[in-house]
Amino acid sequence: MLDLHDLLFFSLAALVLVLTPGPNMIYCVSRALCQGRAAGLLSLAGVLLGFVVHLAAASLGLTALLLAVPFAFDAIRLAGAAYLLWLAWQAVRPGGTAPFQPRALPADPPARLFGMGFVTNVLNPKVAMFYLSFFPQFLHPQAGSVLVQTLQLGALQIGISGAVNCALVLGAARITAFLSRSEGWLRAQRWVMGSVLAALAVRIALPERR
């Protein structure tokens, strides 16, 4: 079982990652704006199923890797830190992606909405990198089954992502209208997000495995 400190720190990291603009957020928000909240929520359901696929692959792969090659932990830890630094740069770089800049999408039937949400997430490299490079920071083989710990983290991450994206879908129209009138706030949000991601990267890169 994971301790409370790890769970809280992981929850913060998962929250920051889900708030970082990416294909999943943009697709679900775009659907909500173009086709209504129900379409956005149905698309989100497909996205959440995609998380289950990523979790299954990561759980089996990480369990095998960390048990077979213990020193691989340090390489994965540094890769996770580098990935967070890259996300921080993407947030603050000139012309970087800002949330709630959705694409115009044609109306689609329910099955296609769900399927596209699923495919968007399964093919999302941001999710794959998060699972493979970030989860190991919180795994402690000496505390029990690595597989069970990975599934615990995955369930927590999926719950956080589902709750945040559901709130964004339901409030998409109002949030987009607010941001369109608040360019200064939008710039500040990007710098805050980038700073938090960079701080998380440093936190991961410095400590040694317990």
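Helix 1 passes helix 6 in a right-handed crossing, and that pairing is a handy place to start looking at this predicted model.

**Helix 1 against helix 6**

- Helix 1 covers residues 4-19 and helix 6 covers residues 125-134.
- Their axes come within 12 Å and cross at roughly 160 degrees.
- That angle is over 145 degrees, so helix 1 and helix 6 count as roughly antiparallel to each other.
- On the helix 1 side, the residues involved are Phe 10, Ala 13, Ala 14 and Leu 17.
- Across from them, helix 6 puts in Lys 126, Phe 130 and Phe 134.
- Sorted by class, this contact has six nonpolar residues, no polar ones and one charged.

**Helix 1 against helix 7**

- Helix 1 also packs with helix 7, which runs over residues 146-170; here the axes come within 9 Å and cross at roughly 40 degrees.
- Helix 1 and helix 7 are therefore oblique to each other.
- The crossing of this pair is right-handed.
- Helix 1 brings Leu 7, Phe 10, Ser 11, Ala 14, Leu 15, Val 18 and Leu 19 to the contact.
- Helix 7 answers with Leu 153, Leu 156, Gln 157, Ile 160, Ser 161, Val 164 and Asn 165.
- The tally for this contact is 10 nonpolar, four polar and no charged residues.
- Phe 10 and Ala 14 turn up in the contact with helix 6, and they are also listed in the contact with helix 7.

**Helix 2 against helix 5**

- Helix 2 (residues 23-35) and helix 5 pack at an angle of about 160 degrees, and their axes are 9 Å apart.
- Helix 2 and helix 5 are therefore roughly antiparallel to each other.
- Handedness here is right-handed.
- From helix 2, the contact uses Pro 23, Asn 24, Tyr 27, Arg 31 and Gln 35.
- From helix 5, it uses Arg 112, Leu 113, Met 116, Gly 117, Thr 120 and Asn 121.
- By class, that works out to four nonpolar, five polar and two charged residues.

**Buried residues to look at**

- His 54 is in helix 3, which spans residues 37-68.
- The relative accessibility of His 54 is 11%, so it counts as buried, the cut-off being under 20%.
- Setting aside neighbours within four places in sequence, His 54 touches Asn 121, Val 122, Asn 124, Val 127, Ala 128 and Tyr 131.
- One of those partners, Asn 121, is also part of the helix 5 side of the contact with helix 2.
- Asn 165 sits in helix 7, and at 5% relative accessibility Asn 165 counts as buried.
- Again leaving out neighbours within four places in sequence, Asn 165 is in contact with Val 18, Met 25 and Leu 44.
- Val 18 belongs to the helix 1 side of the contact with helix 7, and Asn 165 to the helix 7 side.

**Exposed residues to look at**

- Pro 110 lies in helix 5, which covers residues 110-122.
- With 54% relative accessibility, Pro 110 counts as exposed, since the cut-off is over 50%.
- Pro 110 and Ala 39 are 71 residues apart in sequence, but their C-alpha atoms are 7.3 Å apart in space.
- Trp 191 is found in helix 9, residues 183-205.
- At 52% relative accessibility, Trp 191 counts as exposed.
- Trp 191 and Arg 93 are 98 residues apart in sequence, with 9.3 Å from C-alpha to C-alpha.

**The whole protein**

- Read along the sequence, the pattern is α-α-α-α-α-α-α-α-α.
- Of the 210 residues in the protein, 47% are buried.
- Take the contacts with a separation of 6 or more: 86% of them are between residues 24 or more positions apart.
- The accessible surface comes to about 10,100 Å², and carbon and sulfur atoms account for 73% of that.

Methods. Residues are numbered from 1 along each chain as its sequence is written. This is a predicted model: local features need pLDDT of at least 70, side-chain atom pairs count only at pLDDT 80 or more; totals for chains, interfaces and linings use all residues. Side-chain values use heavy atoms; hydrogens and water are left out. Axes are lines fitted to C-alpha atoms, for helices over the stretch in contact, and angles run from 0 to 180 degrees between N-to-C directions. Helices (H or I, at least four residues) and strands (E, at least two) are DSSP runs, numbered from the N terminus. Angles under 35 degrees count as roughly parallel, over 145 as roughly antiparallel, 65 to 115 as roughly perpendicular and the rest as oblique. A crossing is left-handed if the near helix is turned anticlockwise from the far one by less than a right angle, and right-handed if clockwise. Contact means heavy atoms within 4.5 Å. Ala, Val, Leu, Ile, Met, Phe, Trp, Tyr, Cys and Pro count as nonpolar, Asp, Glu, Lys and Arg as charged, and the others, Gly among them, as polar. Buried means under 20% relative accessible area, exposed over 50%, partly exposed in between (1.4 Å probe, protein chains only). Accessible areas come from the Shrake-Rupley method with a 1.4 Å probe; for residues, only the protein chains shown count as cover.
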